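Here is a short report on the structure shown below. Keep the view open while reading.

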Amino acid sequence: MSSDRIVFRDVSKFYGEVLGVNKVNLEVAPGLTGLVGPNGSGKSTLMHLMTGLLRPGRGEVSVLGVSPDCPEELFRLVGYCTQYDNFPNGSTGLSFLRFALALHGYSKSEVDERAWAALTRVGLTDAATRRIAGYSKGMRQRIKLAHAQCHDPQVLVLDEPLNGLDPMGRAEMIDLFTALAKEGRHVIVSSHILHEVDVISDGVIMIHGGAIVAEGEIRAVRGEITSHPIQVLIRCDRPHIVASRVFELEHIVEARIVGDEGLLIRTRNASDFFTQFNRIVIDTGVIVETVAPADESVHAVYDYLIGEGLGGGSA
Amino acid sequence: MTTPDALMRRRQALTLARYEVRRSLFSRRSLAVYLLVGMPLALMLLRALFMPESMRADASSATSEFAEVFHFFLLRFVVFFANAMIFVRLFRGEILEKSLHYTLLAPLSRTVLVVGKYLGGVISACLILVITTTLTYVLVYLPHGSSGIQLMLSGAGIAHLASYLLIVVFACFAYGALFMLAGLFFKNPMVPAILFLGWETLTPFLPTFLKVLSFVHYLVSFAPVPVNLGAFALLARPVPWWVALLALAVSSAVLVFAASRVARNLEVTYSAD
């Protein structure tokens, strides 16, 4: 059955006695989705299950309606950049891509054309005929990205794809992922750098201890966390006046002056606050420079839900 | 008529086979295989250098000498272990190298994956072992001078060589299938390989109903010159060539099929391997 979603239905995976992921139910829509979680949380397991490198002990996975048990169909749709930093012995960047494309069944001329196009996209044309064993970490990361996308897949699964890249390389790759997502493709990125996930992702999946703790647009996820009041940062010319007025509101938990012109509000009812805040501005005549949510970020949501520092490993 | 799907699968299998041939023949890992197949050649060279004059004159002994070298050294040791080294590494080598996932991420069925790799292994093993057997054959006859060369190039000499080469090719198919499966099953496939070598070595001393469970029992039925297996060998009625061929073909096919079933459930968990 054709679909534009990646679907996990009650999926569990155990490595012997060790939990990989447990009772995962997910529907991932097209766009750029960030997958975040601490070391050993199940991020890589989830990605392996999506691409058939692991089989679920229970439940079903389907990628755009295709089961990972049908690699002939699946890998025409999916490209996967794994975290493994190993390559076939003796391969050059070009021969590595040529072999992968030849396995897709492309003609010789198309293999060459696509291999060079992928190498150009990741900026490795000069090193194409050099052995991968002599590549830097960043170059190895780029050749893996080239491998994942050389056949123009509809779904790109990228496990820590920005590892080892320099700032310029990171910016280039982020632009590439964003462009691919804008074309209506699925781009699923796991990263331990929450700031990057925040900047690039349309949606986020948070995983902890093998279970999905949150899924969806980051603002919507934040809105559902009722245990932590929402923070709003206001920059205006007379913050103390605004502070005294907002304290009168029932749902305000905290109002704190930050610097000369900043006011940090914590409220249990954001929509009501914004309505009332308009009235305060009109009544007091304060000049407001900005009003912005202070904790509608992946980092904040992650802290609220998981509350641990992130490392750089995999699950 | 060949369907586009069948054409695609054939193309993919041939791509894999070519890749495996390159890896088996020209990579650093093939050095061990070349050292192994160099052993009979080195031994035959030493034999040629230090052969007494009285023996050089008697070319007729070369036929039985090669038969013994073939049965006890080439077939049961060199061919056996060369196949083990080549075929075990088809999967296990890539698992240890942590690069198997690149092949598993290609749009090809696991059956095509197994068949392509097997084909590559068979081509590599046949190339290496056919050349080794031919050179060993030549080195056994060469020290006997012109009479040895005449005997080697005679109709019977060529027919003998052809039979030995046929055995080597069949051995590559049969042992290859077995070792490829072992490479999928066992973390250290050399242990079962050595156990199986023990079984193959014991075959002459086993009753007929157990002999049929070994490859060497069928392979030697193609041998042009019988050899004396010792006083304790239990002689069995020779297997007709077509039975031997059928047994080897069917067992190879069954083993390749079993390998494709195992590969279908193959998972990438390098840390566990």
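## Helix packing in chain B

Helix axes here are lines fitted to C-alpha atoms over the stretch in contact, and angles run from 0 to 180 degrees between N-to-C directions. The model is predicted. In it, helix α6 (residues 110-141) of chain B packs with helix α8 (residues 155-185) of chain B at an angle of about 145°. Their axes are 9 Å apart. The crossing of α6(B) and α8(B) is right-handed.

Which residues in α6(B) and α8(B) meet? On α6(B) they include B:Gly121, B:Val122, B:Ala125, B:Cys126 and B:Leu129. On α8(B) they include B:Leu165, B:Val168, B:Val169, B:Cys172 and B:Phe173. By class, the contact of α6(B) with α8(B) has 16 nonpolar, four polar and one charged residues.

## Chain A overall

Chain A has 315 residues, and 41% of them count as buried. Its secondary structure comes to eleven helices and 13 strands. The C-alpha trace of chain A spans about 75 × 45 × 35 Å along its principal axes.

Take the contacts in chain A with a separation of 6 or more. Residues 24 or more positions apart account for 69% of them.

## An open sheet in chain A

Three strands of chain A form an open sheet in the order β2-β1-β4, with antiparallel pairing. β2 (18-28) and β4 (58-63) of chain A stand at the edges. Each has a single partner strand, so one side of each is left without a neighbour in the sheet. The twist averages 25° from one strand to the next.

Strand β1 (residues 6-15) of chain A pairs with β2(A) over seven bridges, in the antiparallel sense. A:Lys13 stands opposite A:Val21 in β2(A).

## Helix α9 of chain A

Which residues of helix α9 (residues 239-246) of chain A are buried? They are A:Pro239, A:Val242 and A:Val246. These residues cover an arc of only 60° around the axis, which puts them on the same side of α9(A).

What do the buried residues of α9(A) pack against? Their partners in chain A are β10 (230-236), β11 (252-258), β12 (262-267) and α10 (270-284).

## Where the chains meet

24 residues of chain A are in contact with 23 residues of chain B. On the side of chain A that touches chain B, α2 (71-77) and α3 (93-103) of chain A each supply at least two residues. By class, that side of chain A has 13 nonpolar, eight polar and three charged residues.

Conventions: Residues are numbered from 1 along each chain as its sequence is written. Chains are lettered from A and ligands numbered from 1 in the order in which they are written. This is a predicted model: local features need pLDDT of at least 70, side-chain atom pairs count only at pLDDT 80 or more; totals for chains, interfaces and linings use all residues. A residue is buried if 20 or more other C-beta atoms lie within 10 Å of its own, exposed if 12 or fewer, and partly exposed in between; C-beta atoms are placed from the backbone. Helices (H or I, at least four residues) and strands (E, at least two) are DSSP runs, numbered from the N terminus. The arc is that of the directions from the helix axis to the C-beta atoms. Two residues are in contact if their C-beta atoms, placed from the backbone, lie within 7 Å. Ala, Val, Leu, Ile, Met, Phe, Trp, Tyr, Cys and Pro count as nonpolar, Asp, Glu, Lys and Arg as charged, and the others, Gly among them, as polar. A crossing is left-handed if the near helix is turned anticlockwise from the far one by less than a right angle, and right-handed if clockwise. Two strands pair if DSSP finds at least two bridges between them.
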